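Me: I would like to learn how to read a structure with several chains. Can we take it one feature at a time?

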Amino acid sequence: MATFEITTRSVKGDLKTDTMILNMGPQHPSTHGVLRLELVVDGEIIVDVIPHIGYLHRCFEKHAEQMTNYQQVIPYVDRMDYVAAMGNELAYVLAVERLMGIEVPERVQYIRVIMAELQRIASHLLAIGTYGLDLGAFTPFLWCFREREKILDLFEITCGARLLYNYIWIGGLSHDLPSEFGKKLKEFLKTFPKALKEINDLLTFNKIFIDRTANIGVLPADVAINYGCSGPMLRGSGVKFDLRKNEPYLVYDRFEFDIPVGEGKMGTVGDCWDRYYVRVREMEESLKIIEQAWEQLPPGDVHSAIPKKVRPPQGEVYFRTENPRGELGFYIISDGHTSSPFRVKARAPSFVNLSVLPEISKGYMIADLVAILGSVDIVLGEVDR
Amino acid sequence: MQANEIFEKIKSKFEDAIVEFKPDAVVEPYLEVKPDRVKEICEFLRDEPELAFDYLMCLSGVDYGNGTLGVVYHLYSMKHSHRFVLKVKVSVENPVVQSVESVWKSANWHEREAYDMFGIIFEGHPDLRRILMPYDWPEGSYPLRKDFQVPEFYNGMKVPY
Amino acid sequence: MPEILNMLIASLIPLLFILTYAIVILWVEIKVASHVQDRLGYMYTGGFHGWAQPIADLVKLLTKEHITPVSADKILFTLAPIIVFASSYAAYAALPFTSTFIASNLNVGIFYIIAITSFVVIGILMAGWASNNKYSLFGAMRSVAQIVSYEIPTALSILTVIIVTGTLNLQEICEMQKGGIFNWIIFKYPPFMFITFLIYFTASLAEVNRTPFDIPEAESELVAGYHTEYTGMKFAMFYLAEYANMFLVSGISAILFFGGWNSPFGEFLSGPVWGVFWFVSKGLFFVFLQIMLRWTLPRLRVDQLMYVSWKVLTPISFVNIMIVGLWAILK
């Protein structure tokens with residue numbers, strides 16, 4: 001487990017102090033999965049953080065090359081970011097459709113938008129709940145999960161699965177929306193803003209929570225862009241960039257919604273509170289999108305554009321979508337004469353966001369590292385694939 | 001800016017580093033450059049105000065099969081909202097590419113993953129070591145290569161079952 | 001001979017009280033936690049809402065194996081939970097449960113209680129050091145810093161009460177508050193006694209290591225802090241000591257500020273037996289308040305905790321003492 005290694009390093013001028021190497025091991029309650037963080041600490045102050053990943057590496061990219069066709073890769077893609085699986089499927093399927101030049105019917109696009117936004121709310125609820133749990137607030141975690149259960153119920157009546165769906169297929173969807181979906185969705189849309197207000201009252205504007213997260217882990221905007229951060233990490237630093245508005249895919253250009261950006265309301269721009277608050281406000285915006293999408297939903301057949309044989313022409317595509325955690329990109333190379341992919345590379349947002357952790361946590365305390373890691377919101381399935 | 005215009009700008013400065021430009025590739029055009037000039041070209045792409053490619057979207061390693069490895073760079077500019085694709089090809093015997101870690105810090109982990117999976121050596125990378133495979137994975141064994149053989153035994157455990 | 005028998009009975013009664021109270025309050029804590037979190041909690045063991053679950057937990061803890069880490073300091077490792085529990089149990093000796101029962105009617109009652117609860121610090125430090133585990137050591141050091149810092153606002157607020165009462169003897173303090181709710185000390189010198197009570201309540205939350213001051217046992221950072229390596233009955237002793245401490249500080253706030261074993265209605269519903277009821281229910285009310293706070297607030301960081309103690313609570317309590325003291329002299 002934890003071993004004692006004392007490295008002698010002169011930190012403050014002529015006063016010789018020892019730094020200790022502490023292991024926030026692969027098994028730890030607040031590292032959100034199997035992540036090993038090697039901390040070099042001087043008392044309680046962090047001098048360096050070295051993340052070690054790869055504990056959950058399941059060789060997704062090699063498996064994708066061995067599959068006999070492109071559709072078989074979709075369940076594997078689900079399991080990358082297991083918290084927000086719809087987003088993964090969407091990115092992969094859109095990349096393949098772009099490569100093949102398939103046009104899907106409008107109804108399929110609207111349903112995909114609804115599913116993606118519901119998934120965004122569910123994923124942010126988990127991020128917020130576990131963030132509170134890391135900081136010692138035990139109650140908002142369960143309230144967030146109560147709301148998340150309602151969304152997972154919606155997914156279950158549509159495709160039969162709560163967490164890993166295999167729902168979005170190349171050219172369409174696996175099932176159409178059932179008849180009771182509308183009623184349940186409307187109930188959810190009515191009760192969610194109230195629950196969100198309760199959670200906000202308890203956590204977001206709580207003085208102790210603000211003291212723990214404001215001015216901690218400040219990420220300047222240019223550092224964020226250079227490190228390739230995306231999603232709430234980038235928007236929390238004040239950069240107004242969202243793929244749903246800047247490079248619209250599906251039918252996002254038909255909806256009116258806002259892009260919340262971190263403004264440094266409680267501290268500096270780009271601190272943990274900003275990133276957290278961006279997630280809270282993104283949930284409100286997603287609600288708006290779902291309401292508009294549900295009103296505009298056209299009738300149609302969700303299976304009509306699914307091709308019999310998925311055999312893309314020779315070529316390659318890099319397509320990216322706005323996942324709850326950031327920009328999820330798929331780089332797919334197809335060699336034109338086999339029906340299995342030649343190369344599938346998944347550019348996972350958590351993988352890139354995690355690389356900025358050493359940069360933003362120098363000089364803070366160990367308790368702050370827990371807050372910073374929670375605000376980066378990683379899922380190890382994505383980081384390691 | 002369109003890919004052609006970007007290519008013209010690069011050609012005007014680095015005529016000798018270009019290998020091939022394919023404007024009609026499926027889905028978007030790409031530019032292939034020499035592996036030992038990649039860093040200069042990337043610095044030019046980032047610093048030139050009209051191009052301003054400040055965001056490295058993705059850096060992937062590829063094994064093209066017939067003894068060639070490659071690296072593909074997908075670049076994006078936040079200011080001008082245009083994209084570009086750079087490619088580099090090296091042979092398996094000498095898979096050395098210049099590292100762009102000093103240009104975009106996000107390349108740090110991407111290049112470590114390309115080294116881990118394909119064995120591409122990035123010259124100038126400050127900390128090139130394995131990132132996803134375990135610490136004791138044998139040197140010279142790179143999983144995502146096409147000719148990779150799954151080892152029979154790993155730490156005394158039989159692998160294929 | 002009867003003398004020793006007397007002493008034995010007098011010391012066993014608080015122990016029995018602690019044990020029964022701990023089982024009940026364990027059930028109450030989990031039930032309050034579940035209902036605050038919108039779920040049900042214990043439901044099955046024993047039928048109605050799982051009332052027998054804490055008993056089952058106690059039996060489980062008693063039958064677990066005592067694992068000692070290989071390179072742990074064996075003597076200190078075994079001694080630590082004993083010291084932690086013994087110091088909180090010993091403080092019960094000076095608590096007046098009712099007008100006719102107090103285990104030991106010390107003239108320096110409250111002073112004795114403050115002194116003996118400081119022994120907990122030694123026990124915690126021993127637990128952290130003897131576990132030979134970096135995380136436990138961190139937890140123990142943080143706990144020592146926290147408890148020692150918060151002793152000062154606690155003692156200062158108690159001092160303010162002593163200025164009002166003029167005596168350290170807890171039984172006499174309760175006697176002084178006879179006669180109905182408005183004779184209670186919290187209503188004297190308004191509003192300063194109320195401020196004193198708030199300071200005491202906050203500082204005592206830190207003394208018993210409860211959220212928002214529970215970093216020594218911060219589950220999400222240090223796994224379990226200084227009692228990570230403990231199993232079985234030793235672990236049960238730490239838990240028992242924590243609950244005993246909770247009732248101790250609640251009981252002291254009840255005695256010093258809210259009338260102790262006096263009934264709020266004056267003569268109605270008062271008497272030796274009713275005294276026990278009033279004292280225990282006032283104590284339990286404050287324990288309930290502490291439980292609710294645990295499940296509502298996030299926890300403070302170490303330096304913020306120190307900041308609250310030294311830069312907020314201590315100056316306020318100093319000012320408080322001066323004002324109350326001047327007021328008492330000029331009256």
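**A buried histidine, then the wider picture**

Reply: Start with one residue: A:H124 counts as buried, because its relative accessibility is 0% and buried means under 20%. Keep in mind throughout that this is a predicted model.

Me: Where does A:H124 lie?

Reply: A:H124 is part of helix α4 of chain A.

Me: Which residues is A:H124 in contact with, leaving aside its neighbours within four places in sequence?

Reply: A:H124 is in contact with A:P232, A:R279, A:E282, A:M283 and A:P324.

Me: Next, the nonpolar cores. How many residues has the largest one?

Reply: The largest nonpolar core has 187 residues. Those with the most contacts inside this core are A:Y92, A:L118, A:Y167, A:F330 and B:Y73. Helix α4 of chain A, residues 106–134, gives the most to it, with 13 residues. A separate, second core has 72 residues, including C:I18, C:M237, C:F247 and C:I291.

Me: What is A:Y92 in contact with, apart from its neighbours within four places in sequence?

Reply: The contacts of A:Y92 are A:Y70, A:V73, A:I74, A:V77, A:F330, A:I332, A:P341 and A:V344. One of them, A:F330, is also among the residues with the most contacts inside the largest core.

Me: Now the chains. Which pair of chains has the most contacts?

Reply: Two pairs of chains touch, and chains A and B have the most contacts. Chain B and chain C do not touch, and their nearest C-alpha atoms are 24 Å apart.

Me: How is the size of an interface given?

Reply: Often as the accessible area lost when the parts come together. Here chain C and chain A bury about 2800 Å² between them, with 61% of it on carbon and sulfur atoms. C:K134, C:P298 and C:R301 supply 26% of the area that chain C buries against chain A, more than any other three residues. Counted by contacts, 26 residues of chain C meet 37 residues of chain A.

Me: How many salt bridges does the rule find across the interface of chain C and chain A?

Reply: The rule finds two. The side chains of C:D38 and A:R146 form a salt bridge, at 2.3 Å from N to O.

Me: Which helices of chain C each supply at least two residues of the side that touches chain A?

Reply: They are α6 (134–165), α9 (219–222) and α12 (302–330) of chain C. Of the elements of chain C, α6(C) gives the most to that side, with four residues. By class, the side of chain C that touches chain A has ten nonpolar, six polar and ten charged residues.

Me: That leaves chain B. What does its secondary structure come to?

Reply: Chain B has three helices and nine strands. Read from the N terminus, its elements run α-β-β-α-β-β-β-β-α-β-β-β. Its C-alpha atoms fill a box of roughly 55 × 30 × 25 Å along the principal axes. Chain B has 161 residues, of which 53% count as buried. Among its contacts between residues at least 6 apart in sequence, 49% join residues at least 24 apart.

Key. Residues are numbered from 1 along each chain as its sequence is written. Chains are lettered from A and ligands numbered from 1 in the order in which they are written. This is a predicted model: local features need pLDDT of at least 70, side-chain atom pairs count only at pLDDT 80 or more; totals for chains, interfaces and linings use all residues. Side-chain values use heavy atoms; hydrogens and water are left out. Contact means heavy atoms within 4.5 Å. A nonpolar core is a set of buried Ala, Val, Leu, Ile, Met, Phe, Trp, Tyr and Cys residues joined through side-chain atoms within 4.5 Å. Buried means under 20% relative accessible area, exposed over 50%, partly exposed in between (1.4 Å probe, protein chains only). Buried area is the accessible area (1.4 Å probe) that two parts lose on being put together, summed over both. A salt bridge is a side-chain nitrogen of Lys or Arg within 4 Å of a carboxyl oxygen of Asp or Glu. Ala, Val, Leu, Ile, Met, Phe, Trp, Tyr, Cys and Pro count as nonpolar, Asp, Glu, Lys and Arg as charged, and the others, Gly among them, as polar.
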